[in-house]
Amino acid sequence: MYKKIIATGMLLLAAVTLVACGKSPDVTSNAAGTKIGDTIKIGVDMELTGPVSAYGSAENQGIKLAVKEINKAGGVDGKKLELVTKDNKSDNAEASTSATNLAVQSQVNAIVGPATSGAVSAASLNAQKTGVPLLSPSGTQDDLTIDNLNGKTQTKQFVFRTTFRDSFQGQVLAQYASENLQAKKVVLFYDNSSDYAKGIADEFKKTYKGEIVSTKTFAAKDTDFQSALTSIRDLDYDAIVMPGYYTETGLITKQARDMGISAPILGPDGFSDKTFVSLAGKKNTTNVYYVSGYSTKIALSGKANDFISGFKEEYGSEPNMFSALAYDSVYMIAAAAKGADNSIELASNLAALKNFEGVTGKMTIDKYHNPIKSAVMVKLDNGTESSAEAVTVKK
């Protein structure tokens with residue numbers, strides 16, 4: 001048996017190497033998949049250390065809680081779920097290596113993660129080559145689940161997500177700014193080094209009905225934003241729209257408030273971590289809004305309250321969006337594993353998932369492997385959630 005596993009792993013590794021050298025657009029043609037054995041093996045390719053470890057650590061909590069609950073209830077088809085976890089260290093190259101290691105050496109049947117779009121993009125090619133489905137709880141970049149080959153959009157057979165796309169977040173921010181906040185003029189201040197932030201900013205520009213009076217950019221790891229903030233401080237605007245991750249946007253919020261800029265600040269789900277508040281300061285985190293896939297302030301499904309209670313019992317704190325999305329991801333994989341003999345069948349079942357009720361709402365996987373679901377707009381005042389409301393983008 002051991003020799004057979006080694007041989008299968010070597011064949012998969014050879015397929016990965018050959019396809020990489022040939023640069024074939026049809027990378028799934030040699031995908032062998034992995035057999036579901038005595039347990040259903042779920043790989044975790046997550047940012048557990050490094051700059052965005054807050055996301056990965058929260059998701060890992062949701063993953064472990066879901067596995068514990070499912071196994072306690074008897075597993076799937078009488079088989080327990082088994083976790084194999086790799087820390088990609090918030091590094092895209094490491095995320096790719098981890099995906100290959102999980103699929104080839106560990107022979108997992110599905111992978112949860114990574115958390116961030118760049119890492120998902122790096123890891124997804126290996127999912128395609130090996131035939132092991134990758135489900136990202138929070139990767140939002142539009143093209144993560146599709147390829148454009150010869151001018152045609154083609155869905156990546158083995159790549160899925162549990163959250164909504166960047167363009168959807170841009171639409172939510174544009175609609176909310178215009179209709180809910182009545183913001184006729186805004187400043188757009190976004191991370192120009194991040195495809196995630198650029199995608200949201202681009203869609204916001206396309207769909208916002210008001211005037212963008214100034215556009216400013218920053219880059220990952222920047223810490224001093226005084227010059228840009230000084231240039232916009234005395235302009236006439238109703239809100240600042242700030243696509244980016246908490247690592248920079250938390251600092252920008254602090255420096256803006258310290259300079260006396262009190263306008264509402266709107267951002268994407270990259271704000272959704274307590275580190276944002278710790279960087280900005282509680283008193284500065286007022287009149288701040290961000291797009292989320294989940295909030296404890298609003299029940300998006302009948303499972304919401306039980307999830308919150310279970311999470312508090314397990315970890316002694318309330319879950320955030322990332323924990324909830326990862327928790328749903330495991331339950332989606334469990335649903336897709338029913339009746340499946342291998343990872344390729346599991347991926348097919350995942351693609352056909354309809355009306356799945358998760359704690360982040362009811363969702364159906366569309367033809368591009370994106371979930372059809374509503375978003376939540378969370379408001380922060382004095383560092384805590386003061387309200388949350390479901391938002392459906394008008395077509």
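Biologist: How many aromatic pairs does the structure hold?
Modeller: The count is 15 aromatic pairs. Keep in mind that this is a predicted model.

Biologist: How are the rings of Y55 and Y246 arranged?
Modeller: Their centres are 5.0 Å apart and their planes stand at 85 degrees, so this pair is edge-to-face.

Biologist: Where do Y55 and Y246 sit in the chain?
Modeller: In distant parts of it. Y55 belongs to helix α2 and Y246 to helix α8, residues 246-258. The two are 191 residues apart.

Biologist: Is Y55 buried or exposed?
Modeller: Y55 is buried, at 2% relative accessible area. Y246 counts as buried too, with 4% relative accessibility.

Biologist: And Y294 with F307, what kind of pair is that?
Modeller: Edge-to-face, with 5.9 Å centre to centre and 75 degrees between the planes. Y294 lies in the loop between β12 and α10, while F307 is in helix α10. They are 13 residues apart.

Biologist: How accessible are Y294 and F307?
Modeller: Y294 has a relative accessible area of 3%. For F307 the value is 1%. With a cut-off of under 20% for buried, Y294 is buried, and F307 is buried.

Biologist: Which residues make up the cluster of ring pairs?
Modeller: Y294, F307, F311, Y315, Y327 and Y331 are linked into it.

Biologist: Which residue lies over the face of Y331?
Modeller: K303, at 5.8 Å from the ring centre. K303 also lies over the face of F356, at 5.6 Å from that ring's centre.

Biologist: Switching to sheets. What is the strand order in the open sheet of five strands?
Modeller: β2-β1-β3-β4-β7, with parallel pairing. The edges are β2 (81-87) and β7 (159-161). Each has a single partner strand, so one side of each lacks a neighbour in the sheet.

Biologist: By how much are neighbouring strands turned against each other?
Modeller: On average by 25 degrees, direction ignored.

Biologist: How many bridges join β4 to β7?
Modeller: Three, and the strands run parallel. β4 covers residues 134-136. Its S136 has R161 of β7 as bridge partner.

Biologist: Which strands does helix α2 touch?
Modeller: Helix α2, residues 53-72, packs on this sheet and touches β1 (40-46), β2 and β3 (110-112). Its direction makes about 165 degrees with that of β2.

Biologist: Where does T116 lie?
Modeller: In the loop between β3 and α4. T116 is buried, with 10% relative accessible area.

Biologist: What is T116 in contact with, leaving aside neighbours within four places in sequence?
Modeller: E47, V52, Y55, G139 and Y245.

Biologist: How far apart are T116 and D91 in space?
Modeller: 9.9 Å, C-alpha to C-alpha. In sequence they are 25 residues apart.

Biologist: Next, β16. How many of its seven residues are buried?
Modeller: Six, so β16 (375-381) is largely enclosed by the rest of the structure.

Biologist: Which way do β12 and β16 run, parallel or antiparallel?
Modeller: Antiparallel, joined by five bridges. V288 stands opposite L380 in β16.

Biologist: And how many bridges join β16 to β17?
Modeller: Seven, and that pair runs antiparallel. M377 stands opposite E389 in β17.

Biologist: What do β16 and β17 form?
Modeller: A hairpin, with two residues between the strands. In the turn, N382 has a positive phi of about 50 degrees.

Technical notes: Residues numbered from 1 in each chain as written. Predicted model: local features only at pLDDT ≥ 70, side-chain atom pairs only at ≥ 80, totals over all residues. Heavy atoms only, no water. Pairing = 2+ DSSP bridges. Helix = DSSP H or I, 4+ residues; strand = E, 2+ residues; numbered from the N terminus. Axes fitted to C-alpha atoms, helices over the stretch in contact; angles between N-to-C directions. Contact = heavy atoms within 4.5 Å. Buried < 20%, exposed > 50% of the residue type's maximum accessible area, 1.4 Å probe, protein only. Phe/Tyr/Trp six-rings, centres within 6.5 Å; stacked < 30°, edge-to-face > 60°. Lys NZ or Arg CZ within 6 Å of the ring centre and 35° of its normal.
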